[in-house]
Amino acid sequence: INLWVPVVDERAALVELAAAGIVVAAGAPFVAGESHAPHVRVTAGLIAPDDAQGAAAALAAAARASGR
């Protein structure tokens, strides 16, 4: 199961999630065309139920992360 999570800055979100031990994909390579809102692609099927709340909190924080 893949989720598309909107973020402020794809690169900043990738770095913040990697620092938390969560690997996601930048959304840009999966977009057809030129214009898109920044997002990350999350494969959620492997998240254990006990880890879901922590993963959700990390994703929420990364969505607000800015590289500026």
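Visitor: Which residue caps the N-terminal end of α1?
Guide: First, some ground rules: this is a predicted model, in which local features need pLDDT of at least 70 and side-chain atom pairs count only at pLDDT 80 or more, while totals for chains, interfaces and linings use all residues. Residues are numbered from 1 along each chain as its sequence is written, and side-chain values use heavy atoms, with hydrogens and water left out. Helices are DSSP runs (H or I, at least four residues), strands likewise (E, at least two), numbered from the N terminus. Here the cap is Asp-9, with a side-chain oxygen 3.0 Å from the backbone nitrogen of Arg-11.

Visitor: Where is Asp-9 found, and how far is its side chain from the backbone nitrogen of Ala-12?
Guide: Asp-9 sits in the loop between β1 (2–6) and α1. A polar atom of its side chain lies 2.7 Å from the backbone nitrogen of Ala-12. Leaving aside neighbours within four places in sequence, Asp-9 is also in contact (heavy atoms within 4.5 Å) with Ala-65, Ser-66 and Gly-67.

Visitor: How do I read the faces of a helix?
Guide: An α-helix has 3.6 residues a turn, so residues three or four places apart point the same way. We call a residue buried under 20% relative accessible area, exposed over 50% and partly exposed in between (1.4 Å probe, protein chains only). In α1 (residues 10–19), the buried ones are Glu-10, Ala-12, Ala-13 and Leu-17. Seen down the helix axis, they fall within an arc of 160°, so they line one face of α1; the arc is that of the directions from the axis to the C-beta atoms. The face turned away from this buried side carries the exposed residues Arg-11, Val-15 and Ala-19.

Visitor: What do the buried residues of α1 pack against?
Guide: They pack against β2 (25–26), β3 and α2. Just after α1, Gly-21 takes a positive phi of about 85°.

Key. Polar contact = N/O pair within 3.5 Å; in protein donor to acceptor, adjacent residues only side chain to side chain.
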